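User: I would like to go through this model with you, strand by strand and then core by core. Shall we begin?

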Amino acid sequence: TAPGTSHGNEVCIGDEPPAKMPRTEEGPSLDDLQDDMETELDDLPTAAPELQTPVGWDPADMTLNVVPTHDGSVLRPLIDGGLQYFLAGARASVGITSGRYFYEVRIVEVMSPADVRRPQPPLPKQLVRLGFSTAEAALYGDSEESFFFDNDGNFVTGSLRLPATKKMNRNQVLGVLLNLTQSGPNANTVSLFCEGQRVSDPQPLPEACRGKTLFPHVSFRNVSLHVHFGPKPMVPLRFQCRMLQSATKADVCVREPSTSKDGKCEVIVPVALPDEGAFDWLDDFLAQNRKFVELSDRKLLEWASISGLTKQKINTAKYSNDKPEVSFGVPCLDDLAMRKVIGTIAPLTPRNYVVMEVRANLLQAERAEFMRRFNFPHFKRVAQVVVGEPPASFKQRVHDQLLKEKQDKLDREHKVVIAELERKLNVKRQMRLMEEKRKAAIDQAKRLAEEAKGEKNDTAIDVDKDKGSAAEGAEKKDGETKEQEVKQESKDGEGKGSDSQPEQAPEDFSKLTMTVLKDRLKALSLPVSGNKAELVARMKEYAEKTGGGKVKESGEKKEEAKEGVKIEAVKEEEVKQEDKEDEEDKLPEAPRATLTEEEKRTWFKAQAYPDMTVSALNTSFADFTIPTTSEGFDEIRHAWQGPEGSTEHLQKWVRSRKLTTRVEDVQPSEWFQARINDWQNQLQEWQRKQKDYKSQARQRDSEAAKKKKMAEQKAKEQKAKDAQSGAAPTDEAEKKEDDKKDEDKKVEAKEDGAKVEEDKKGEDAMKVDQGAKADETKASESKKEGDAAKGDEAKAGDEDADDGLLKPIDDVFGVEDILDADGRGEPLFANFAQEDWIMLSLRYELHLLVQAFSNDVNDPDRPGMREDHLLFYFARYYRKQLNVKYFGKDTLAEMMLLVKDTVVFKDSYLESALEKPNEVPLDFFVKLTEEARRTRQRRIDAGD
């Protein structure tokens, strides 16, 4: 294979490893530095027994596109049918639980398959991942319980991707060393070596993998790998380290093979009804039986998505869980060519399979094809019937999932509510903060105003002092005299009692400014909040307690006590208001979801997409069956109900579906084609007859008009001759004149009768059979009189009549020959207009459709054609659409009233309105149409 190259995001693998860097004068090479920094120690000799089981690959731990060769030492991927885009993965059969061991991998082949159309974004053509994983990790290598080095030099675990080493190249011997020792600098680490030399630092194991058994794991794409487990390495490391094949038994865990004791693998065919827990059962089964590999289209799509392919927009109407629509933009993938490749390879590889095909597994013919493909001695073919009422454990899981979904929905809604409440609370807090700032600004403005006022008062006092000092000199003498008097009075006061103390006038705190009051209170370590009245009261209270003023009277104390009570009440009200606001600001707790009674009765959870599309289900469900031993299965298991219960449940389910679903694959039979051809030919013949009759009638009218004109001309000439000769009119002229007068009188009498008849309403024609009696098909007396009057009027003036009194066609259904209804060659449909021919065709087409559907379907479980399916069947049989708007109606039910004499809807099913629909001749529909035309004409004449 030609060497690859690296271009853009496309990662390719080269031919040979890069040459080792030579030692230069600047210092040692990178490899020498790595050798000098090696911290791994040599293994000590041990007498413990070594592993005797060969380390290899179990088919259950390999993806479907892996082909092991050379006794399992070389792994090749399938690259046909679009599989060149899919990851391949394999996990070894022996895992490491403790100690330090490694395995080697060499890239022996680089493939470059044809790229029909590169998906976007570009995918790497070749990919290699070397590492370890737990037994439960995915085979593709992307999970929290796996870690690996990729060919780009990254160390990857889960979503973490770190640059750790150099890129891998073809023919390099790569060693992956796992150190699960509990001590030492490299405990619980993994390292990568190339050609025996370390090329990465020891990478710590992820927490999800510690303390678990770790199996060698490789995943790759478009390359072939040679995987070597020992016991001797292809390239020894720079220290003594044993390979996995030479590990001690105590340090490893050997997985049991997935095959049974008799060496056979099971191939299970689940038989389950659509939308009745088929895939839920499958998920539970695979979780409990990890040795089975699922074969289904949904698994292929999941595999493609993990491999990096991105699905484009899908048509949800064509999407189902059984046959999902594939849309990757890659032709070899969108046509599901990989399904054919996998279907060919799977029977050749001994594995335990679950072949999940909902529709195919319910059809006996499809099951026979499955039996043919897996007809190998190493397979045990098992039919797993999952039909009927599920067990309580399955119902409980469904209810738990429903409850979880409801709770998740409530939690999402609750988060939205909480976010909105928090937004409102933030707005409220901002408003409250702004209000506090506003009040503080008002208080500050008041304080500044009071301070300014206090400074003005102080200035006035200073001015008064200056004026007093001016008069001080003049009053000095008087002051000295008064001072002596005051001293004398003081002495007298002391003599009144030894306990008496001189009273000092209490300070008037109300005259102090707010600034002075606050400064004093602050100096006394007293609260400074509140208005001026509160500050003054606080200062007075302190003065009383400390003896700084006289004792107040009881009345003043009561007033101050009342004021204090009011202040305390206001404070308590503010505290209550704040508590109330805090209570309102508390966020509501998340609601708890509960199941309704209807949900508790639910057996199966609704899926985002149906298990089968409507078209696929309607075309096949009537043929669904439960497998039997006669089909060749080695074993038939019933998971939910026994054979009788499963069969009964299926039959009941099929019958209920037949009542509501249409027959998608119904096709017109030869019987229908023969009758519709006869009808079309007959219809064309009738229309030709009408055309000929009208042509002959126009010719007779023209000849009669010519004769009348000639007679009038002759009479006029004769009259002119008689006038010239003075002779009396001939007897012939007099006779014609009398006949004309009699004819005018008859016409006047008929016109009077027609006017009387216009006030009467016509009734709808009664539905009758061909052999019905005349008295059962006659209309009301008013209808007969009107028809007789019109018939007389039509026959009046007919020169060919012997006596002018021929009877009109009163009884339409009594006409024996519709081509000669009146005995003189007039067809019954002589007066048909275009709309009458259309209604005639509609009557017969609906009549024939009812008969054809019953004959073609021939299913006693289908009582007839449903009303909501009529348009579909009409288009399927007649290859044209039935448009109700064309008949002047808005709904199908309104249109059907126009032909209620032929077909009707009964209990939502279309049925014939005739007593013996299979024996009705074609001309009977002409009679129905003519009767309806006359009724319509009478209503029009009456002004309807």
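User: Which residue in S8 does Phe132 stand opposite?

Analyst: Phe132 stands opposite Phe147 in S8. This is a predicted model, in which local features need pLDDT of at least 70 and side-chain atom pairs count only at pLDDT 80 or more, while totals for chains, interfaces and linings use all residues. Residues are numbered from 1 along each chain as its sequence is written, and side-chain values use heavy atoms, with hydrogens and water left out.

User: How many bridges join S7 to S8?

Analyst: Five bridges join strand S7 (residues 127-133) to strand S8 (residues 146-150), and the two run antiparallel. Strands here are DSSP runs of E with at least two residues, helices are runs of H or I with at least four, and both are numbered from the N terminus. Two strands pair if DSSP finds at least two bridges between them.

User: What is the strand order of the open sheet?

Analyst: The open sheet has seven strands in the order S1-S4-S15-S7-S8-S9-S10, with antiparallel pairing. Strand S1 (57-62) and strand S10 (160-163) stand at the edges with a single partner strand each, so one side of each has no neighbour in the sheet.

User: Turning to S12, is that strand buried or exposed?

Analyst: Six of the six residues of strand S12 (residues 189-194) are buried, so S12 is largely enclosed by the rest of the structure. Buried means under 20% relative accessible area, exposed over 50% and partly exposed in between, with a 1.4 Å probe and protein chains only.

User: Which residues point which way from S12?

Analyst: Thr189, Ser191 and Phe193 point one way, and Val190, Leu192 and Cys194 point the other way. In a regular strand the side chains alternate between the two faces of the sheet.

User: Which strands pair with S12?

Analyst: Strand S11 (residues 173-179) pairs with S12 in the antiparallel sense over six bridges, and Gly175 has Phe193 as its bridge partner in S12. Two bridges join S12 to strand S14 (residues 203-204), also antiparallel, where Pro204 is the bridge partner of Thr189. Two further antiparallel bridges join S12 to strand S13 (residues 197-198). Phe193 has Arg198 as its bridge partner in S13.

User: What about the cysteines: how many disulfides does a search of the whole structure find?

Analyst: The search finds zero disulfides, a disulfide being a pair of cysteine sulfur atoms within 2.5 Å. Cys194 is buried, with a relative accessible area of 7%, whereas Cys253 is partly exposed at 32%.

User: On to the helices. Which residues of H5 are buried?

Analyst: In helix H5 (residues 337-345), the buried residues are Ala337, Met338, Val341 and Ile342. They cover an arc of only 135° around the axis, which puts them on the same side of H5; the arc is that of the directions from the helix axis to the C-beta atoms. The face turned away from the buried side carries the exposed residues Lys340 and Thr344.

User: Last topic: which residues touch the most other members of the largest nonpolar core?

Analyst: Of its 49 residues, Trp686, Leu840, Leu846, Leu870, Tyr878, Met896 and Val926 touch the most other members. A nonpolar core is a set of buried Ala, Val, Leu, Ile, Met, Phe, Trp, Tyr and Cys residues joined through side-chain atoms within 4.5 Å. The largest share of this core, twelve residues, comes from H20. Apart from it lies another core, of 44 residues, among them Ala92, Cys194, Leu205 and Val227.
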